[in-house]
Amino acid sequence: MKADALSLAATLNSSEVDVYTIPQYQRPYTWNTENYEVLWEDLSDAYAEYLKALEENRTPDYYFLGPVVFVKNSLKRSFDIIDGQQRSTTFHVILWYLYKRLTDETEKARIHQILTFLGKEAKLKVSAKDAPVYLKIMQSADALEGNSQMVESANYFRSKINELLSPDSFSAFLREYTQFIVIVADDYGKAWDLFIGLNGKGEPLNPTDLVKAYVCGRSDIGEQAGQIWEEKILPLKADSTAYLLFLARYKAKKFVTENALFKEITKLYPTTITTLDISENSEIFHWFWHVDIDGIPKHFSDGLNITSDGRKALRVLRDLGRRDFSSLLFQYAAAFGKKSIFDEAFLRMLASYQIRMAISRKRSRERKFVGWFSSIDFSRSEDGDPVDENEAQKIRKCRANTIIARILRADAPDDATFETLVKISGYHGNYPARIILRHHEEGERGNRTILDYQLEHLMPQTGTDYWYAEAAVIDENGEIDTNAYNNIVNNIGNLFVIDPTTNNEVKNFDYGVKKSFYQEHLKDWSIARITADPRNNWRRTDIEDRAGEIAYWAKEYWSL
């Protein structure tokens, strides 16, 4: 099986075969108004860009038409169209009406060669149901009568083609500057597996595969592109598409959806996005999101020091999994070097923003980061900057951090709101609270890194008469407010990070028994220190006080 990025002419007029066949088991033509109106609007926009490029004496961009899957029938010298029959049929319809309007004889001959075998037989063999309508399209330039989908499509494109001011120019654009990703399978088994994937019933075709076919086929550094792809992109596995999306957003300076990724890459490569860009930024993405934090410095031959707080901030970012700022990573590294993305100030700024957004259940979006920073040049010098480049770089970085912090601060919860949200956060459905507790515990233990842990409820989740009284949830009639008790015990102030291997056998015992257990078995953990304080009896007020202390610490530690 092979995949290539080919022009429309090369796709529909392959020298390997004589005809293209839509297998009879495939559905007949089904495109509706929305399908072909969107296609024509996109083609019109791409054609306008094509004309502009010609006027400016530069090479036009290609317009991507999507993937098609063929299976080769060597005996019949045909390609059976397994996926892409709707688009293939549509372009034959367009080309037939276009052919009848052409005045340039050379262009007319080229289009006729695409449409026919030996100048007579139609090169496309449509389904039996569509064959009568398709024959009329071939033979006449008149509008068609009938109520089939193909009739409606034909009449739509006929009217659009007739409105063209320069059909010869449009034909040249369509023939050479629109492209398919053509996937040719050797047999039906392989083609069917791929067809199932493309149609969402199995493992989907990774968009990265299409980008690879395009980039490697047009490499600006020759065969090295394939090697770079194997070594830098494929190891990202499922993240490869996410990486390319962030790269496209960074380079295009606009938000790009996954559906538009291939189209955008074809516009940007190899001028705005080079193979070297793909390689170097993939390293940044891989180091930041995948490489073990302790192993990151090994990737820098001249050394790299990530501070303790920098490591914590990076772990917070990874734990939260909010990668919407990845395009900013590329921009920052381009301005200040790859090492700069591991600066403590930069990492803590991002972590502070993300933890504040997460605790408030607000989600920033990639679209925001692209919009905020795409027009900012972090490497720009200003009047009064030092002459010495090293000093000037420090000034520019400080200026960039100030700008980034100002923008993030305007979007995130303010200090008072953040402190309140932390104070009322709890055990259930609030993963950021766990992150806050872990990092608070690390500080309590002298900045020791905690990778594996469990959360302990000091006031137990399963209440007893003793603990209901300590929580003050028993009314004057002796009724227990279990909802109030659950809110108290699951509050962040009652939660402690402890050793996951500790076999806790005193889960709902009285406070005196529990504190003795903690002081014996968890001596190095804050739960032992807290319970050793004679002022604590672990009542409701103790929990509220500790929640307040953690919230204040979080506000100060993740200042923005």
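Here are some friendly notes on the predicted model shown above.

1. Ground rules. In this predicted model, local features need pLDDT of at least 70 and side-chain atom pairs count only at pLDDT 80 or more, while totals for chains, interfaces and linings use all residues. Residues are numbered from 1 along each chain as its sequence is written, and side-chain values use heavy atoms, with hydrogens and water left out.

2. The largest core. Start with the largest nonpolar core, which has 116 residues. A nonpolar core here is a set of buried Ala, Val, Leu, Ile, Met, Phe, Trp, Tyr and Cys residues joined through side-chain atoms within 4.5 Å; buried means under 20% relative accessible area, exposed over 50% and partly exposed in between, with a 1.4 Å probe and protein chains only. Helix α16 (residues 344-359) gives the most to this core, with 10 residues. Helices (H or I, at least four residues) and strands (E, at least two) are DSSP runs, numbered from the N terminus.

3. Phe288 up close. Phe288 and Phe342 have the most contacts inside that core. Beyond residues up to four places away in sequence, Phe288 touches Leu314, Leu317, Arg318, Phe325, Leu329, Ile341, Phe342 and Leu347 (contact means heavy atoms within 4.5 Å).

4. A second core. A separate core of 56 residues includes Trp40, Tyr99, Tyr156 and Val184.

5. A covered strand. Look at strand β10 (residues 495-498): Leu495 and Val497 on one side are buried, and so are Phe496 and Ile498 on the other. Strand β9 (residues 454-457) runs antiparallel to β10 and is joined to it by four bridges (two strands pair if DSSP finds at least two bridges between them). Leu455 has Val497 as its bridge partner in β10.

6. Two enclosed helices. Helix α7 (residues 167-176) is largely enclosed by the rest of the structure, because nine of its 10 residues are buried. Among them are Asp168, Phe170 and Arg175. Helix α12 (residues 261-268) is mostly covered, with six of its eight residues buried, including Phe262 and Glu264.

7. A helix pair. The axes of α5 (residues 131-139) and α6 (residues 149-162) come within 9 Å and cross at roughly 20 degrees. That makes α5 roughly parallel to α6 (the term covers angles under 35 degrees). Val133, Tyr134 and Ile137 of α5 make the contact with Met150, Val151 and Ala154 of α6.

8. One serine. Ser279 sits in helix α13 (residues 275-289). Ser279 is buried, with a relative accessible area of 7%.

Key:
Axes fitted to C-alpha atoms, helices over the stretch in contact; angles between N-to-C directions. Parallel < 35°, antiparallel > 145°, perpendicular 65-115°, else oblique.
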